[in-house]
Amino acid sequence: MRFGHSFVPSQAYVSHHDIAAKSVAMAVTCLAFLFFCRKFVKDFQASDISTKTFLVSVFGVLVMPFFAWIFVRATVLTVYPLWRAALVGQDMQLEFSVGDTAGSSFRCPNKVDLAGMPILTGTLCGVPGDFQKTLHQGSRVVLTGRGTADGLFAAAIDVVH
């Protein structure tokens, strides 16, 4: 892995807590939507509204709630297991299913996405290229690292035999 170890919550933790995470994310998204609508109305009532202000307000109303949804859901699903793994974690192995191995970027070379994981939580970066090429969608892998049954800091990846 690159730049330390990626934290990955377990698929069991994600599936058991996803409804709670979606509920919190929905509440925050609604509040964000109301906030941006309020700002839009205030900006629109001004007599000398600029095009830039109008476009920023429209962007806030239409796009920012989606970012709030993604960020809050990922945060709710990650914070507790991350802190628990950091404070009381032990050497651990967790099994995952591979979702996708396509794509690479400057920030995340040799990327492996794990199946069933929310955006921002199930991506491993810096997987050795030769190993990444052997993986395909549906492959079962074992992540080894420090953590608990709720998630771990992945230090190594292996194929389940």
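Buried means under 20% relative accessible area, exposed means over 50%, and partly exposed lies in between, for a 1.4 Å probe and protein chains only. The model is predicted: local features need pLDDT of at least 70, side-chain atom pairs count only at pLDDT 80 or more, and totals for chains, interfaces and linings use all residues. Residues are numbered from 1 along each chain as its sequence is written, and side-chain values use heavy atoms, with hydrogens and water left out.

View A. A disulfide here is a pair of cysteine sulfur atoms within 2.5 Å.

**View B. The disulfide of Cys 108 and Cys 125.** One disulfide is found when the whole structure is searched. Its partners are Cys 108 and Cys 125, with sulfur atoms 1.9 Å apart. The two cysteines are 17 residues apart and link distant parts of the chain: Cys 108 sits in the loop between strand E2 (90-100) and strand E3 (112-114), and Cys 125 in the loop between strand E4 (123-124) and helix H4 (129-134). Helices (H or I, at least four residues) and strands (E, at least two) are DSSP runs, numbered from the N terminus. The link of Cys 108 and Cys 125 is left-handed, with -100° about the S-S bond. Both Cys 108 and Cys 125 are buried.

**View C. Helix H2 and its two sides.** Helix H2 covers residues 51-62, twelve in number, and reaches 16 Å from its first C-alpha to its last. This is close to the 16 Å expected at 1.5 Å a residue, where the expected span is 1.5 Å times one less than the number of residues. Ser 57, Gly 60 and Val 61 are the buried residues of H2. Seen down the axis of H2, they fall within an arc of 95°, so they line one face of the helix; the arc is that of the directions from the helix axis to the C-beta atoms. The buried residues of H2 pack against helix H1 (11-45) and helix H3 (64-88), contact being heavy atoms within 4.5 Å. Thr 51, Lys 52, Leu 55 and Leu 62 are exposed on the other side of H2.

**View D. Phe 106 in a loop.** Phe 106 lies in the loop between E2 and E3. Its relative accessibility is 76%, so Phe 106 counts as exposed.
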